[in-house]
Amino acid sequence: NRLLKDYPQDSVVGIKLDNSPEWITTFWALLKAGFTPYLVNTKIVDNFNKTALMNAKAVAVISRTPFLDFKFINIDDLLEKTETVEATRKFGDKIMLSTSGTTKTPKICVYNGRAITNHMLNAKHIIKTNPNIMNTYEGRLKHLAFLPFYHVFGLCAVLTLLSCIVFTIVKKNKFNKIMIVSGLVSFISLILSAFFPNKITLIIY
C-alpha cells in the first residue's frame, strides 16, 4: 500500500521472480493490498514480457533487478521494510499470466477469484479418484515445485490446488532422489487415473 499508494484498486503489478518463499509472499500481499498480480515468465525474452506487461497496463514490477522502463520495486527492500498497514481496499479479485510464447505473440489469461476457488474445490474429486496423491514422505505431504508458479499448471496444481490440502512445497535445491521418485510415482498415478478411472491399481515397492 505504501509503495503503490498512488495507483488505484486493481492496478496490475508484475511479479518477476523464480519460485521462492518471496514469490508466494509477494503474490498474496499484492492481492491483499487490492492489486492484480501479473505473473512474469522469467525464462523468456524481455521483449515478450515487455509487450505482455504493456498490454496488461502494468504500473510496476517487483523483482530483484530493474526491468526495462517499468517502475521497479526491489523485493529485498520490500521485505526488509515490512510494516502493519490498515487495509483500505478490497482484496484483489484477478490474477494475470501469459501463455508460454510459442506463437511469439503474448496472450494474456485472466482468472478471477471464483475461477481459482472452483479449481481448488476440485481437489476433493482428484483425491477421491486418486488416493495415491496423498502418499507422505517422512510423515509429511510434500509437493516438488518443478513447475514455475508463473505457469498456469504451476499456479493451479502446485500453488493453489495442492496447497489447500496442506502440502509442503519443496524448492528445487532441496530435492533428493527419494523425493523425486515418490513424486513421479504420484504424478504417473494421477495421470493414469484421469484416463482410466477405477481401473488402475498402483503397487508401490
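The legends below describe several close-up views of a predicted model.

In this predicted model, local features need pLDDT of at least 70 and side-chain atom pairs count only at pLDDT 80 or more, while totals for chains, interfaces and linings use all residues. Residues are numbered from 1 along each chain as its sequence is written, and side-chain values use heavy atoms, with hydrogens and water left out.

**View 1. The chain as a whole.** The chain has seven helices and eight strands, where helices (H or I, at least four residues) and strands (E, at least two) are DSSP runs, numbered from the N terminus. Of its 205 residues, 38% count as buried, a term that stands for under 20% relative accessible area, with exposed meaning over 50% and partly exposed in between (1.4 Å probe, protein chains only). Of the contacts (heavy atoms within 4.5 Å) between residues at least 6 apart in sequence, 66% join residues at least 24 apart.

**View 2. Helix α1 and its buried residues.** Helix α1, formed by residues 21-32, has 12 residues and reaches 17 Å from its first C-alpha to its last, close to the 16 Å expected at 1.5 Å a residue; the expected span is 1.5 Å times one less than the number of residues. The buried residues of α1 are Trp 23, Thr 26, Phe 27, Leu 30 and Leu 31. They cover an arc of only 130 degrees around the axis, which puts them on the same side of α1, the arc being that of the directions from the helix axis to the C-beta atoms. After α1 comes Gly 34, whose phi is positive, near 90 degrees.

**View 3. The surroundings of Leu 155.** Leu 155 is found in helix α6, residues 152-161, and counts as buried because its relative accessibility is 0%. Leaving aside neighbours within four places in sequence, Leu 155 is in contact with Phe 27, Leu 39, Ile 95, Leu 97, Pro 148, Phe 149 and Thr 160. Leu 155 and Leu 39 are 116 residues apart in sequence, yet 9.4 Å apart in space, C-alpha to C-alpha.

**View 4. Two loop residues with positive phi.** Most residues other than glycine have a negative phi. Lys 57, although not a glycine, has a positive phi of about 60 degrees; Lys 57 lies in the loop between α2 and β3 (58-63) and is exposed, with a relative accessible area of 66%. Leu 68, also not a glycine, has a positive phi of about 50 degrees; Leu 68 lies in the loop between β3 and β4 (72-74) and is partly exposed, at 41% relative accessible area.
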